[in-house]
Amino acid sequence: MYGDFMFDVAVMDLWAPQLEFPKRLKMAVEQQGDDIPHFRERLLCYQLFKGIDGLRFYAKKDHEPSYRFMKERIMSLLSE
């Protein structure tokens with residue numbers, strides 16, 4: 001996508017948290033001696049944004065299993 005690359009990182013982690021992509025990215029960037037400013041805050045913000053958009057989409061499609069998945073994912077993000 002255009003814009004902040006962290007948006008793409010957030011979307012990947014939202015759908016497949018088991019891959020631990022943000023953790024791997026952060027480690028790789030730090031090994032190069034760099035830093036990603038406000039990493040955690042940006043990641044969480046974009047994940048919540050896409051999660052809420054997912055709730056809207058699945059509610060409109062009346063697809064309850066996906067809606068429940070997204071709701072549970074959002075709740076887990078908020079409890080971290």
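This report describes helix packing, nonpolar cores and salt bridges in a predicted model.

## Packing of α1 and α4

Two packed helices are described by the angle between their axes and the distance between the axes. Helix α1 covers residues 5-15 and helix α4 residues 64-79; their axes come within 10 Å and cross at roughly 115°.

On the α1 side, D13, L14 and W15 make the contact, and on the α4 side F69, M70, R73 and L77. Sorted by class, five of the contact residues are nonpolar, two are charged and none is polar.

## Nonpolar cores

The largest nonpolar core has eight residues: M6, V9, A10, L25, V29, I36, F39 and L43.

Beyond its neighbours within four places in sequence, F39 is in contact with M6, P22, L25 and K26. A second, separate core has seven residues, among them L14, L48, L55 and L77.

## Salt bridges

There are seven salt bridges in the structure. One joins the side chains of D4 and R42, at 2.6 Å from N to O. D4 lies in the segment before α1 and R42 in helix α3, so this pair ties together parts that are 38 residues apart in sequence. D4 is partly exposed, at 23% relative accessible area.

Within helix α2, K26 and E30 are four residues apart, about one turn, and their side chains form a salt bridge at 3.0 Å, N to O. K26 is partly exposed at 29%, as is E30 at 41%. In helix α4, R68 and E64 are also four residues apart; the closest N and O atoms of their salt bridge are 3.5 Å apart. R68 is partly exposed, whereas E64 is exposed. A network of salt bridges links K50, D53 and R56.

Conventions: Residues are numbered from 1 along each chain as its sequence is written. This is a predicted model: local features need pLDDT of at least 70, side-chain atom pairs count only at pLDDT 80 or more; totals for chains, interfaces and linings use all residues. Side-chain values use heavy atoms; hydrogens and water are left out. Axes are lines fitted to C-alpha atoms, for helices over the stretch in contact, and angles run from 0 to 180 degrees between N-to-C directions. Helices (H or I, at least four residues) and strands (E, at least two) are DSSP runs, numbered from the N terminus. Contact means heavy atoms within 4.5 Å. Ala, Val, Leu, Ile, Met, Phe, Trp, Tyr, Cys and Pro count as nonpolar, Asp, Glu, Lys and Arg as charged, and the others, Gly among them, as polar. A nonpolar core is a set of buried Ala, Val, Leu, Ile, Met, Phe, Trp, Tyr and Cys residues joined through side-chain atoms within 4.5 Å. Buried means under 20% relative accessible area, exposed over 50%, partly exposed in between (1.4 Å probe, protein chains only). A salt bridge is a side-chain nitrogen of Lys or Arg within 4 Å of a carboxyl oxygen of Asp or Glu.
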